[in-house]
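Hi everyone, thanks for making time this morning. Let me put the structure up, and then we can walk through it together.

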Amino acid sequence: MLKKAIGHFKTITKHKILVMQGCFRIGLYKQGLLHDLSKYTPTEFLVGCRYYQGNRSPNNAEREATGVSMAWLHHKGRNRHHFEYWIDYSNEFPGHPMTGMRMPRKYVAEMLMDRIAASKIYNGEKYTDHFPLEYYEKGKHHYMMHPETERELEKLLRILDKKGEDYLYGYVKNVYLKGR
């Protein structure tokens, strides 16, 4: 268990540092510092240690073992950079009792940094700027995300894929976060 705990701590800390560096590059200093602090709480950390594998989220393993990931439910309810945080009852989309609400751009930008960092962590040396878009495309058909948030995220992931990280970070900082 100690080996898994150390591995999990190293993984989430490396992830947090990568997101923080990305957030700093786009001017989101507070979000970079506070990103994913809930992963260090007992509710999330102990589960992460128990189900740690090193090559994928322990939340998936917990969900497979128990039918639900209590760590994920805790996490998504405390971290605004997850689109799942923004699911609510719908007034805008009749016939859909629950739907994704539009995310503020600063949280979409943090979600972008989160996805890039997660792709780097789980793909290691094989990582390319295409991986975050590829991962997004695999799951987008079942996401409960506001259409505008979905368009914004996909556009940013396509910029990363086509023009690279340096261009993307400049675009996010100087255009996207300024509302242009």
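So, how much space lies in the largest pocket? About 1,300 Å³. Before I go on, a word on where this comes from: this is a predicted model, where local features need pLDDT of at least 70, side-chain atom pairs count only at pLDDT 80 or more, and totals for chains, interfaces and linings use all residues. Residues are numbered from 1 along each chain as its sequence is written, and side-chain values use heavy atoms, with hydrogens and water left out.

What do I mean by a pocket? On a 1 Å grid over the protein atoms alone, a pocket is an open set of points where a 1.4 Å probe fits, with protein on both sides within 12 Å along at least five of seven lines, and lining residues have an atom within 4 Å of a point. Volume is the space filled by probe spheres set on the points, and grid points are joined across faces, edges and corners.

Back to the largest pocket. Its lining has 42 residues, and Ser 57, Asn 60, Ala 118, Tyr 122 and Tyr 135 lie nearest the centre. Two or more lining residues come from each of α1 (2–25), α3 (42–51), α4 (58–66), α5 (70–76), α6 and α7. By helix I mean a DSSP run of H or I with at least four residues, numbered from the N terminus. Helix α6 gives the largest share of that lining, eight residues. By type, the lining divides into 16 nonpolar, 16 polar and 10 charged residues. Here Ala, Val, Leu, Ile, Met, Phe, Trp, Tyr, Cys and Pro count as nonpolar, Asp, Glu, Lys and Arg as charged, and the others, Gly among them, as polar.

The second largest pocket has a volume of about 260 Å³. It is lined by 14 residues, with Leu 34, His 35, Arg 78, Asn 79 and Glu 110 closest to its centre. Helices α2 (29–34) and α6 each give two or more residues to that lining, which divides into three nonpolar, five polar and six charged.

Now for helix packing. α6 (residues 105–123) and α8 (residues 147–163) pack at about 45°, with axes 10 Å apart. Axes are lines fitted to C-alpha atoms, for helices over the stretch in contact, and angles run from 0 to 180 degrees between N-to-C directions. The two helices are therefore oblique to each other; angles under 35 degrees count as roughly parallel, over 145 as roughly antiparallel, 65 to 115 as roughly perpendicular and the rest as oblique. On the α6 side, the contact (heavy atoms within 4.5 Å) includes Val 108, Met 111 and Leu 112, and on the α8 side Leu 153, Leu 156 and Leu 160 are among the residues involved. In all, the contact of α6 with α8 divides into eight nonpolar, one polar and three charged residues.

Helix α7 (residues 131–139) also packs on α8, at an angle of about 145° and with the axes 8 Å apart. Pro 132, Leu 133, Tyr 136 and Glu 137 are the α7 residues that meet α8. That contact has six nonpolar, no polar and five charged residues.

Finally, α3 and α4. Their angle is about 80° and their axes are 8 Å apart, which makes α3 roughly perpendicular to α4. From α3, Val 47, Gly 48 and Tyr 51 take part. In the loop between α3 and α4 sits Tyr 52. Its C-alpha atom is 7.4 Å from that of Gly 7, 45 residues apart along the chain.
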